[in-house]
Amino acid sequence: MHKEIHEQPRAVADTLEGRLAGDRVLEQAFGPQAMNIFNQTQQVQIIASGTSYHAGLVAKHWFEYVGVPCEVEVGSEYRYRRHAPRGGTLLVTISQSGETADTLAALVEAQRQGIVGSLGGCNTPESSLVRESDLSFMTHSGPEIGVASTKTFTAAMTGLMMLALVLSRRHGFDAGFEAHVVKQLRSLPSALEKVLEIEDEIAQMAKAFGNKANALFLARGAHYPIALEGALKLKELSYIHAEGYPAAEMKHGPISLIDDEMPVVALMPRDDLYEKMLSNVNEVKARGGTVIAVATEGNEDIKKLVDEVIYVPEVSSLINPVLMAVPMQLLAYHIALWRGCDIDQPRNLAKSVTVE
Ligand code: M6R
């Protein structure tokens, strides 16, 4: 897992490689039928599980930002319920392995209902998912061996952002918008390198976390799925119970859990929701909670309020969730290491869930 965390700048660079021409995303990257299917697309339905589902939740923010309605659901729920017909649906499945049973079954169910096409976002070219989909987008992360998904998460989000850009052209967004985001995407590998440089600091912080029984991850907007991912990583690797929560929902229940035994990780980049996050963090501090903030480089003020700060470089708020995924992985990795857990083979887990 440690090796795969550090491969992320390369995995993202390889996923971008050959898919960009100047400041545009090449539509052909999604397959020969892409233009035809995208022209009919009025909305997107994303299906995935686990970490891949979290990538889909981030992408929902991007699709809706460019005017494309988007729903995201885990395959195990989608496959067993009735669906109201919605015309012009592009089904997007996301799966590292391309063999997750519930995702594959949901794809079959969606095809039965009538969709304009299916697109599999996958890291395994010869997988069932790629075979059964009309279009595919391969992440070029290389094989992922660690049970916990890391490099395929950031690479999947990179691919989903490229998909949002090709759809944005059909929803009134001009070449200037695409050029701006493509520039940000090109800068991602070096920004990821910078985040990886703070590993030693995160390893130190992990010691204070290691003997806790619970943890809470708070965020808002497109960073909320990254909070879910942080909690998932911590649970699966270190066996510490953790929950990801939309920061403002804390007042509707979990705030009663806050005390000095409940560490809180707060994802609070400098964006439109920063002041809102600040007030949520104040609420935690007022109740004696310990806060680790994941904040934007240069935000010195936050140090006065919280117990620890993990800084990530400043990038456009649109792609910032991709960067903030990395401290989540490193934190979970170092806590699990400190606790002596079997990081690459956590108990009870398989890399790919091919049965129900
Ligand atoms: O191969 P897939 O992306 O379809 O797998 C989905 C989940 O099983 C997977 O992401 C799982 O949640 C990981 N262990 C998370 O680290």
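Visitor: Which residues are closest to the ligand here?

Guide: Keep in mind that this is a predicted model. In it, 13 residues surround the ligand, and the closest are Ser52, Ser95, Ser97, Thr100 and Glu236.

Visitor: On to the helices. How do the axes of H4 and H8 cross?

Guide: Angles under 35 degrees count as roughly parallel. H4 (residues 50-65) and H8 (residues 151-168) cross at roughly 30°, their axes coming within 9 Å, so the two are roughly parallel to each other. Their crossing is right-handed. Among the residues making the contact are Trp62 and Phe63 of H4, and Phe153 and Leu160 of H8. Sorted by class, the contact of H4 with H8 has 13 nonpolar, three polar and no charged residues.

Visitor: And at what angle do H2 and H8 pack?

Guide: About 30°, with the axes of H2 (residues 8-16) and H8 9 Å apart. H2 and H8 are therefore roughly parallel to each other, and H2 passes H8 in a right-handed crossing. Residues of H2 including Arg10 and Val12 meet a set in H8 that includes Lys151 and Met162. This contact of H2 with H8 divides into five nonpolar, four polar and two charged residues.

Technical notes
Residues numbered from 1 in each chain as written. Predicted model: local features only at pLDDT ≥ 70, side-chain atom pairs only at ≥ 80, totals over all residues. Heavy atoms only, no water. Axes fitted to C-alpha atoms, helices over the stretch in contact; angles between N-to-C directions. Helix = DSSP H or I, 4+ residues; strand = E, 2+ residues; numbered from the N terminus. Parallel < 35°, antiparallel > 145°, perpendicular 65-115°, else oblique. Left-handed = near helix turned anticlockwise from the far one by under 90°. Contact = heavy atoms within 4.5 Å. Nonpolar A, V, L, I, M, F, W, Y, C, P; charged D, E, K, R; others polar. Near = heavy atom within 4 Å.
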